[in-house]
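Please open the model in a viewer and keep the selection panel at hand.

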Amino acid sequence: MNKDPIHVIGGGLAGSEAAWQAAEAGVPVVLHEMRPVRGTDAHKTDGLAELVCSNSFRSDDAQTNAVGLLHAEMRLAGSLIMSAGDAHQVPAGGALAVDRDGFSGAVTKNLEAHPLITIQREEVPGLPPADWDQAIIATGPLTAPGLAQSIADVTGADALAFFDAIAPIVHFDTIDMDICWFQSRYDKVGPGGTGKDYINCPMDKEQYLAFVRALLEGQKTEFKQWEGTPYFDGCLPIEIMAERGVETLRHGPMKPMGLTNAHNPSVKAYAVVQLRQDNALGTLYNMVGFQTKLKHADQVRVFRTIPGLENAEFARLGGLHRNTYINSPTLLDHSLQLKSRPGLRFAGQITGCEGYVESAAIGLLAGRFAAAERLGQAPALPPLTTAFGALLNHITGGHIVSDDEPGKRSFQPMNINFGLFPPVEAPKAEGKRLRGKDKTVAKRRAVTSRALADCREWLRLPSRAEAAE
């Protein structure tokens with residue numbers, strides 16, 4: 001049996017998870033991470049799996065939310081990313097949010113301690129050499145230019161790209177809690193939460209309209225060399241949302257629904273800015289949905305007009321960076337392998353998935369597939385009915401090519417969502433016909449129940465009933 005190492009390039013969430021899964025399968029791994037030898041525009045540390053945008057893994061509801069289902073499947077598969085996230089969670093309502101430094105530190109410590117993993121701090125300037133017969137490229141949204149060009153050369157196509165934005169982080173002790181209050185939307189209690197996990201800053205109509213005007217008038221960072229690069233809709237800068245209409249923000253990240261001002265319960269806010277805990281100490285809070293490309297001076301000026309943030313001090317201001325991803329359905333087979341070069345796989349955001357959890361999940365699959373081949377086995381693909389399978393299918397072929405524009409590529413980055421799963425009939429409730437929201441919830445529960453059962457079978461785990469015996 002060949003026990004040459006699998007080489008994983010990139011120590012982000014996908015690369016860290018890929019390395020862990022392969023090593024846990026009994027295969028040696030060399031994990032190559034270019035930081036601190038070469039930094040990036042977004043990373044601040046040399047820790048593995050550093051979170052450069054939000055600190056949230058989004059909903060942890062495994063019954064009615066697709067990303068919560070993906071969390072559950074990853075836990076079943078022994079995910080390092082999920083175990084570190086669970087160990088370093090901070091309150092966030094129904095979401096799983098983590099302390100950035102604690103999370104990255106835990107991932108780094110576990111990988112450094114694994115007897116089958118060697119971490120090499122070096123830049124891999126081009127495609128893996130031929131003698132790296134099993135390799136995974138998981139370099140994420142900030143792939144170094146040399147490697148990005150090598151990828152473009154070997155695929156025979158230009159890399160597609162889009163913009164991602166980063167939200168500001170505020171020092172808690174500079175927030176005026178005589179104006180703001182703690183509350184989760186609809187008082188929802190999530191993992192590690194209390195129902196009072198967000199700081200809420202209320203606005204009346206006049207304040208909201210003035211804020212929108214200030215956003216639109218503020219100076220923005222321009223990227224002339226990247227003109228034509230689109231934004232990813234799931235991470236739009238707040239000023240771009242404001243440009244879509246004056247009411248857009250109060251029906252998006254600034255919606256006031258499900259919130260009651262603890263200082264003035266009889267007055268309903270016209271809009272609300274929410275901040276979510278960003279570290280375990282509770283000394284830092286990030287501005288939810290406030291990704292921005294405003295210049296730093298204008299960020300400070302505009303965001304200090306928000307009630308309760310008049311004296312806010314910022315631990316980090318917002319920013320913008322460019323993501324790169326390949327046309328995976330054309331280039332990769334169903335085991336994430338480059339069709340033109342067997343043994344070379346891609347994982348994470350570079351494949352065209354979007355989101356921390358999705359990136360880690362694709363890393364998990366790539367690590368398992370590469371380990372299986374190294375052990376002389378055929379990679380076992382997850383069923384399409386699972387979150388793993390639905391996401392993998394989107395990346396490796398679940399898109400539609402336009403007949404009207406045959407040369408146009410329709411593949412776009414996407415988060416996990418229920419639209420990627422095979423349909424299922426909603427179970428019928430005894431004595432009544434389900435309609436509207438009740439029908440939607442019932443269908444989602446049917447999808448997630450089927451997914452978890454099929455995932456257990458794929459992983460050769462006992463069923464829930466067997467496990468309970």
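Is aspartate 101 buried or exposed? Aspartate 101 counts as exposed, at 62% relative accessibility; the term exposed applies over 50% relative accessible area, buried under 20%, and partly exposed in between (1.4 Å probe, protein chains only). This is a predicted model, in which local features need pLDDT of at least 70, side-chain atom pairs count only at pLDDT 80 or more, and totals for chains, interfaces and linings use all residues. Residues are numbered from 1 along each chain as its sequence is written, and side-chain values use heavy atoms, with hydrogens and water left out.

Remain at aspartate 101, which is placed in helix α4 (residues 100–113). Helices (H or I, at least four residues) and strands (E, at least two) are DSSP runs, numbered from the N terminus.

Now select residues 13–24, which form helix α1 and include alanine 14. Alanine 14 is buried, with a relative accessible area of 6%. Not counting residues up to four places away in sequence, alanine 14 touches Ala138, Ala347, Gly348, Ser359, Ala360 and Gly363, a contact being heavy atoms within 4.5 Å. Glycine 15 is also found in helix α1, and it is buried at 0% relative accessibility. Among the contacts of glycine 15, neighbours within four places set aside, are Val8 and Leu31. An unreviewed UniProt entry lists Gly10, Gly11, Gly12, Leu13, Ala14 and Gly15 under "binding site"; UniProt positions are given in the numbering used here, feature names are shortened, and annotations may be inferred rather than shown by experiment.

Proceed to helix α10, residues 356–374. Of its 19 residues, 17 are buried. Helix α10 is followed by glycine 376, whose phi is positive, near 80 degrees.

Finally, display the open sheet of three strands, whose order is β3-β5-β4 with antiparallel pairing. Strands β3 (56–59) and β4 (89–90) stand at the edges with a single partner strand each, so one side of each is left without a neighbour in the sheet. Two bridges join β3 to β5 (residues 95–98); strands pair if DSSP finds at least two bridges between them. To locate this pairing, select serine 59, whose bridge partner in β5 is alanine 95.

Terms used
The expected span of a helix is 1.5 Å times one less than its number of residues.
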